[in-house]
Amino acid sequence: MRKNRFAAHLATGITLLAGVGIIAVGIRFLLAPEAGAAGFGVTPPTGDALGYLDVKGVRDIVSGLVVLIPLALGLRRALGWTMLAAALTPATDAAVVLTHGGTAAVAFGIHGATAAALLFAAGLLFRETRPLAAEAA
């Protein structure tokens, strides 16, 4: 029982960190787009293309809310699925960094580690919400 409580707290902590963290990243993209792009691991665009960083900022904020809403509502199984789906974003971000002149350290150290953390949290949430063997029978 104690181990399960720890896992639930850990999943909640990872979810909070991921949700609030990506909202902060989104705000950074809106307020300091060049710095946001550099932190992402790619060369910032110039001129009119800077508008794409506003799009990224808004989408990051929405991504954070998508994670935090099921957490706030106590929908732990739905949160597990949300975290599983959300892991696709940093996984593909790593590929973008690698294919657009970024370093492997940023691709794997930031984006890859984030994807792994989201997958880990999803696994904890699924384990927490799986039916007990006695109930399934």
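Which helix does Asp60 lie in? Asp60 belongs to helix H3, residues 51–73, where helices (H or I, at least four residues) are DSSP runs numbered from the N terminus. The model is a predicted one, with local features needing pLDDT of at least 70 and side-chain atom pairs counted only at pLDDT 80 or more, while totals for chains, interfaces and linings use all residues. Residues are numbered from 1 along each chain as its sequence is written, and side-chain values use heavy atoms, with hydrogens and water left out.

Asp60 is tucked away: its relative accessible area is 7%, so it is buried (under 20% relative accessible area, with a 1.4 Å probe and protein chains only). Setting aside residues up to four places away in sequence, Asp60 touches Ile22, Ile23, Val25, Gly26 and Phe29, a contact being heavy atoms within 4.5 Å.

Arg76 is another charged residue that counts as buried, at 17% relative accessibility. The side chain of Arg76 makes a polar contact of 2.8 Å with that of Thr12 and another of 2.7 Å with that of Glu128. Such a contact is a pair of N or O atoms within 3.5 Å; within protein, one must be able to donate a hydrogen and the other to accept it, and residues adjacent in sequence count only if both atoms are side-chain atoms. Beyond its neighbours within four places in sequence, Arg76 also has Ala8, Ala11, Leu71, Leu125 and Thr129 among its contacts.

Leu125 turns up again in the largest nonpolar core, which has 16 residues; Leu79, Met83 and Leu125 have the most contacts inside it. A core of this kind is a set of buried Ala, Val, Leu, Ile, Met, Phe, Trp, Tyr and Cys residues joined through side-chain atoms within 4.5 Å. Helices H1 (2–31), H3, H4 and H6 each give two or more residues to this core, and H6 supplies the largest share, six residues. A separate core of eight residues includes Phe29, Leu53, Val97 and Ala107.

Val97 and Ala107 also show up where H5 meets H6. Helix H5 (residues 88–99) and helix H6 (residues 104–129) pack at about 170°, with axes 8 Å apart. The axes are lines fitted to C-alpha atoms over the stretch in contact, and angles run from 0 to 180 degrees between N-to-C directions. The two helices are therefore roughly antiparallel, the label for angles over 145 degrees. The residues of this contact split into 11 nonpolar, three polar and one charged.

Methods
Parallel < 35°, antiparallel > 145°, perpendicular 65-115°, else oblique. Buried < 20%, exposed > 50% of the residue type's maximum accessible area, 1.4 Å probe, protein only.
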